[in-house]
Amino acid sequence: ERSQSSGVATAVTGTGYESVSVATRDVHLAFGRNQVLRGIDLEVGRGETACVIGPSGSGKSTLLRTINRLLEPDQGDILLDGVSVLDQDPDALRQRIGMVFQQFNLFPHMTVLRNVTLALRQLKRLSRDEATELALHHLDVVGLRHKADARPGRLSGGQQQRVAIARALAMSPRVMLFDEATSALDPELVKGVLSLMADLAAQGMTMVVVTHEMGFARQVADQVVFMDRGRVVEAGPPAELFEAPRSGRLQQFLSQVL
Ligand code: ADP
Ligand code: MG
């Protein structure tokens, strides 16, 4: 029985994502005099999912944007598989790091298919046929191949967010960053997006997920990171953080959101 279950694990790894580890080392960032990140150390192993939680304004979005170099840290380093990204070309880097935002940012005048093929054509320089094949595959992965010819406006918010995820996945990212990907969705649409994210995690994608969905964090995260005022106040396995929060600030935060 044991060899059978390890066989299954191998099969999943074999079809899974090629992911890299992500680390930040003592990352500081200020907007003017506003010190928003005050020495962030993060360590997310290959294929692991870290859920970042914390009050509004604590620096969660800024941290994600710093990881894919939409923002430059004033101090500190960001590493993918142990290699600093700070001297890498930002455009090349962003092809290795997929990002999904609260607002899906799909182009309304283009079909779903074209939304997904656009970056494949322009950044990866794929032929029309190659891009279409890849895009259809990833629309299939998110369950929306049948919507390929629709405009985004004809889709529900949850479907639009799944298209945005397909668009990111089609670029073969090594890491996925999610910034409150379900916060703009009607409650009944949240589940479909979260279960897609849980599937990605199970298939070995490295993910850093900023979320208010504590159920998701509890079930899917390898590590929960609680940020407050630009610092990581506590980080650890979900059972530890949720069942036995050590700091008063996390206790207070959890009492407000749970
Ligand atoms: P969170 O995502 O945890 O809610 P953010 O990272 O968005 O927090 O914001 C942290 C702080 O940084 C806030 O005080 C916010 O006003 C400030 N901030 C975020 N982005 C900018 C920006 N582009 N320019 C100036 N201040 C910003
Ligand atoms: Mg935010």
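1. A word on classes comes before the ligand: Ala, Val, Leu, Ile, Met, Phe, Trp, Tyr, Cys and Pro count as nonpolar, Asp, Glu, Lys and Arg as charged, and the others, Gly among them, as polar. On that basis the shell around ligand 1 holds eight polar residues, two nonpolar and one charged. Please keep in mind that this is a predicted model.

2. Which residues surround ligand 1? They are Phe31, Asn34, Val36, Gly54, Ser56, Gly57, Ser58, Gly59, Lys60, Ser61 and Thr62. Two elements, strand S2 (34–44) and helix H2 (60–67), each give two or more residues to this shell. The largest share is that of H2, with three residues.

3. Helix H2 is also mostly covered, since seven of its eight residues are buried. Those buried are Lys60, Ser61, Thr62, Leu63, Leu64, Thr66 and Ile67. After H2 comes Arg69, which has a positive phi near 65°.

4. The sheet comes next. Six strands make up an open sheet with mixed pairing, and their order is S6-S7-S8-S3-S9-S10. Strand S6 (97–100) and S10 are at the edges and have a single partner strand each, so one side of each lacks a neighbour in the sheet. On average, and with direction ignored, neighbouring strands are turned by 15° against each other. H2 packs on this sheet and touches S3, S6, strand S7 (175–179), strand S8 (206–210) and S9. The direction of H2 makes about 150° with that of S8.

5. Another helix, H6 (residues 157–169), lies across S6 and S7. H6 runs at about 170° to S6.

6. How is strand S9 (residues 223–228) placed, mostly covered or mostly open? S9 is mostly covered, with five of its six residues buried. Strand S3 (residues 49–53) runs parallel to S9, and four bridges join the two. Within this pairing, Gln223 is the bridge partner of Ala50, and Val52 stands opposite Val225.

7. S9 also pairs with strand S10 (residues 231–236), here in the antiparallel sense and over five bridges.

8. Why does Val225 count as buried? The cut-off is 20 or more other C-beta atoms within 10 Å, and Val225 counts as buried because it has 27 C-beta neighbours inside that distance. Leaving aside residues up to four places away in sequence, Val225 touches Leu42, Ala50, Cys51, Val52, Val232 and Ala235. Leu93, by contrast, is 132 residues from Val225 in sequence, and their C-alpha atoms are 24 Å apart.

9. Last, the annotation. UniProt, in an unreviewed entry, lists residues 22–254 as "domain: ABC transporter". Over residues 22–254 the model has 38% helix and 26% strand. The C-alpha atoms at the ends of that stretch are 26 Å apart.

Methods: Residues numbered from 1 in each chain as written. Chains lettered and ligands numbered in written order. Predicted model: local features only at pLDDT ≥ 70, side-chain atom pairs only at ≥ 80, totals over all residues. Near = placed C-beta within 6 Å. Buried ≥ 20, exposed ≤ 12 C-beta atoms within 10 Å, placed from the backbone. Pairing = 2+ DSSP bridges. Axes fitted to C-alpha atoms, helices over the stretch in contact; angles between N-to-C directions. Contact = placed C-beta atoms within 7 Å. UniProt positions renumbered as here; feature names shortened; annotations may be inferred.
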